[in-house]
Amino acid sequence: IAQQFGAKRYDRMRHYLAQSIYLCVAFVVVMTIGLSILNYPILRMMNTPETIIGETGSYMAVIYAGLVVTAAYNALAAVLRALGDGKSPLYFLIISAVLNIIMDIVFIVYFRMGVVGCGYATVIAQAVSALLCLLYIIKKFDILRLHKPDFEPSARSMGQLLAIGIPMGLQFSITAIGTIIVQGAINVFGSVYIAGFSAGGKIQNMVCTVFVAFGATIATFVGQNRGAGRMDRVKEGVKVTQILILIWSALMMFAIHFFGKYLIMIFVDPAETQVMEAALTYFRMVSWCYPFLGSIFLYRNALQGLGYGLVP
């Protein structure tokens with residue numbers, strides 16, 4: 001979509017958008033049914049302790065049931081970014097995050113819904129962000145207004161989208177599968193290490209959000225400029241982003257090694273000394289790899305923006 005937008009081929013852009021809707025619906029149906037069936041087998045494969053498997057399974061069931069709104073937000077936000085609007089999806093996500101926190105408190109503290117309440121809060125908040133994206137697109141982007149001819153199914157166009165989308169999805173899947181394997185290994189050691197890994201992971205997710213943002217930005221930037229034939233801007237954009245990633249990595253490594261204990265206190269009671277120690281060990285070890293992690297997001301997304309989905 002970014003390439004077609006950069007080349008000002010708006011009819012082809014709308015065609016690809018319509019074809020991507022078909023693909024999103026198909027994947028959501030398959031994943032919702034498949035993951036709902038495999039919910040507890042996956043948790044047992046991860047060595048999830050029996051003391052928490054019931055609540056974990058209930059939470060995941062709600063998340064799987066809400067995959068349709070998760071997919072809708074991500075797809076709509078990606079379309080906005082492809083057209084160069086990276087701010088609006090962020091604003092909608094901030095609204096969603098605040099709403100999520102409020103509903104977490106209401107569902108868990110006041111309605112006594114436990115972990116399942118957290119799941120419902122997440123899904124409802126994502127639904128709100130997806131709806132806001134949709135309404136914004138309808139109001140602001142006439143060039144995205146779809147018509148009946150755009151929805152004519154095209155196996156060739158879907159194949160082109162899948163050629164970029166499946167490798168991109170596999171990248172996230174490989175990372176997620178690796179996380180599941182690590183989590184499964186940690187679960188064997190009991191609740192202290194599960195809590196420590198979870199706390200360290202929350203902080204790392206905040207660090208990595210910046211890398212994800214750089215990756216999404218460079219994919220759109222490269223796609224638009226490739227479509228417009230400006231390879232000089234592609235090279236300059238990659239160079240500048242690499243410098244920014246190295247600066248952010250250095251800042252985070254410094255923060256983690258000198259202030260990591262205080263960051264973990266956001267999620268862990270200082271009295272839980274074993275959990276604190278486990279979180280710090282994990283946190284400090286992985287921080288050395290931030291420059292490489294950030295660079296992975298940069299180069300694989302740049303290649304995808306150029307249309308080389310399989311290489312990364």
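Helices here are DSSP runs of H or I with at least four residues, numbered from the N terminus. Hi everyone, with that settled, let's look at the model above. This is a predicted model, so local features need pLDDT of at least 70, side-chain atom pairs count only at pLDDT 80 or more, and totals for chains, interfaces and linings use all residues. Residues are numbered from 1 along each chain as its sequence is written, and side-chain values use heavy atoms, with hydrogens and water left out.

Let's start with two loops. K8 sits in the loop between helix 1 (2-6) and helix 2 (10-37). Its phi is positive, about 60°, although K8 is not a glycine. Is K8 buried or exposed? Buried means under 20% relative accessible area, exposed over 50%, and partly exposed in between, using a 1.4 Å probe and protein chains only. K8 has 61% relative accessibility, so it counts as exposed.

N47 lies in the loop between helix 3 (39-45) and helix 4 (50-65). N47 also has a positive phi of about 60° and is not a glycine. At 38% relative accessibility, N47 counts as partly exposed.

Now to the inside. A nonpolar core is a set of buried Ala, Val, Leu, Ile, Met, Phe, Trp, Tyr and Cys residues joined through side-chain atoms within 4.5 Å. The largest one has 26 residues, and F211, V222, I264 and Y290 touch the most other members. Which elements give two or more residues to this core? They are helix 9 (191-227), helix 10 (231-264), helix 11 (273-287) and helix 12 (290-306). Helix 9 provides the largest share, 8 residues.

Take V222 as an example. Leaving aside residues up to four places away in sequence, V222 touches V234, V238, A302, G305 and L306, where contact means heavy atoms within 4.5 Å. There is also a second, separate core of 16 residues, which includes L17, L76, A130 and C133.

Last, a helix pair. Two packed helices are described by the angle between their axes and the distance between the axes. Axes are lines fitted to C-alpha atoms over the stretch in contact, and angles run from 0 to 180 degrees between N-to-C directions. Helix 10 and helix 12 pack at about 160°, with axes 8 Å apart. The two are therefore roughly antiparallel, a label for angles over 145 degrees. Among the residues making the contact are M231, V234 and V238 of helix 10 and Y290, A302 and L306 of helix 12.

Thanks, everyone!

How values were computed: Angles under 35 degrees count as roughly parallel, over 145 as roughly antiparallel, 65 to 115 as roughly perpendicular and the rest as oblique.
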